[in-house]
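Dear colleague,

Please find the structure below, followed by a short account of what was found in it.

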Amino acid sequence: MVSACFLAKAGTLLRVRSRLVRECLAELLAVFVLMLITLGAAAQTVTSQGAKGGYVSSCLAGALAVMVAVYIAGGVSGAHLNPAFSLAMCVLARCPWWKLPIFIVVQTLAAFLGAGAVYALYYDAIQHYSNGTLAVTGPRETASIFATYPAPYLSLQSGFLDQVIGTAVLLVGILAIVDTQNKGIPKGLEPVAVAMLVLALGLSVGSNCSCAINPARDFGPRLFTYVAGWGPQVFRWVTRAGHGWWWVPVVAPLVGAVVGSMLYQVLVAFHHPPAPESTHELEVEKQKEIPIFIIKPQAEEQLKKATVLEEPWPVASLPGPSTDREGPPPLCHAM
């Protein structure tokens, strides 16, 4: 009882009434949990040298992390979780443009904090695995736990295309899942469907550069590694062609999000039949076409009185064989 009262009072005092602040708090928590699970799976795989995880388990953990994050923030902010998705929502006029920079900052901050939490959680394991040297390259590198790096064979152009296509497919899938005029899925299972989509992407297009498809997911942890001891090398990584890499998982997903959202609109959404009018709208239209008059009880009583004759029919004015008859003439006389 005391606990319930305390929680009720705390909820009253701490409740935030600003919708924007509530959305930002939900995004912050959701992305933090997303990073904690996703990067935690990577740290477990790397520091155990594959004994307690692998690529498939990392993909599965990332997909389940997305599901949990969507359940956390879905009913508050829509669970953007990704600056690329926020950009797509702005392009489709489903989110105001002024929210975009705010969401990007919050999502990146949450990813930074999530990386910090994973580093604290696996600090001893990372130090033991790396022999105390936080390296970006080499057989004992640990920077790839947090940010994405290209495979040795990957060129800058191929990596950019990889991220564009991966993010485009992500947006096409999400837009199809939430499209009420499409096939549709049972309400409440949207996060599960999105998680399966992310898992499919990780298992199919993740080997080139770890399938970041989320600028905040890559830049936030990369920034953390820069300040945590890995140094500026995390931003100086070059591809096989000698070009810098760090900006690719930041810019390419934004391009892919716009491409994917436009593809879905042009090839699917624009061709939906007009949505049927609601029952209420149809009823309103009927009332406009056929006027309905409501007679008040007083007016109805007056109307009845007006139809009742107070005096009998004048005998002199009635045709018929008899002048002694009272009342109205037989109906046949009116034929």
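Is H80 buried or exposed? H80 is buried, with a relative accessible area of 9%, where buried means under 20% and exposed over 50%, with a 1.4 Å probe and protein chains only. This is a predicted model, in which local features need pLDDT of at least 70 and side-chain atom pairs count only at pLDDT 80 or more, while totals for chains, interfaces and linings use all residues. Residues are numbered from 1 along each chain as its sequence is written, and side-chain values use heavy atoms, leaving out hydrogens and water.

H80 sits in the loop between α3 (55-73) and α4 (83-91); helices are DSSP runs of H or I with at least four residues, numbered from the N terminus. Leaving aside residues up to four places away in sequence, H80 touches E27, F85, S86, M89, C95, F103 and Q107, a contact being heavy atoms within 4.5 Å.

As for α3, its buried residues are S58, C59, A61, G62, A63, A65, V66, A69, V70 and A73. Their cover includes α2 (19-47) and α8.

The axes of α3 and α8 (residues 190-204) come within 8 Å and cross at roughly 155 degrees; axes are lines fitted to C-alpha atoms over the stretch in contact, and angles run from 0 to 180 degrees between N-to-C directions. α3 is therefore roughly antiparallel to α8, a term for angles over 145 degrees. The residues making this contact include Y55, C59 and V66 of α3 and P191, V194 and V198 of α8.

Yours sincerely

Note on methods:
Helix = DSSP H or I, 4+ residues; strand = E, 2+ residues; numbered from the N terminus. Parallel < 35°, antiparallel > 145°, perpendicular 65-115°, else oblique.
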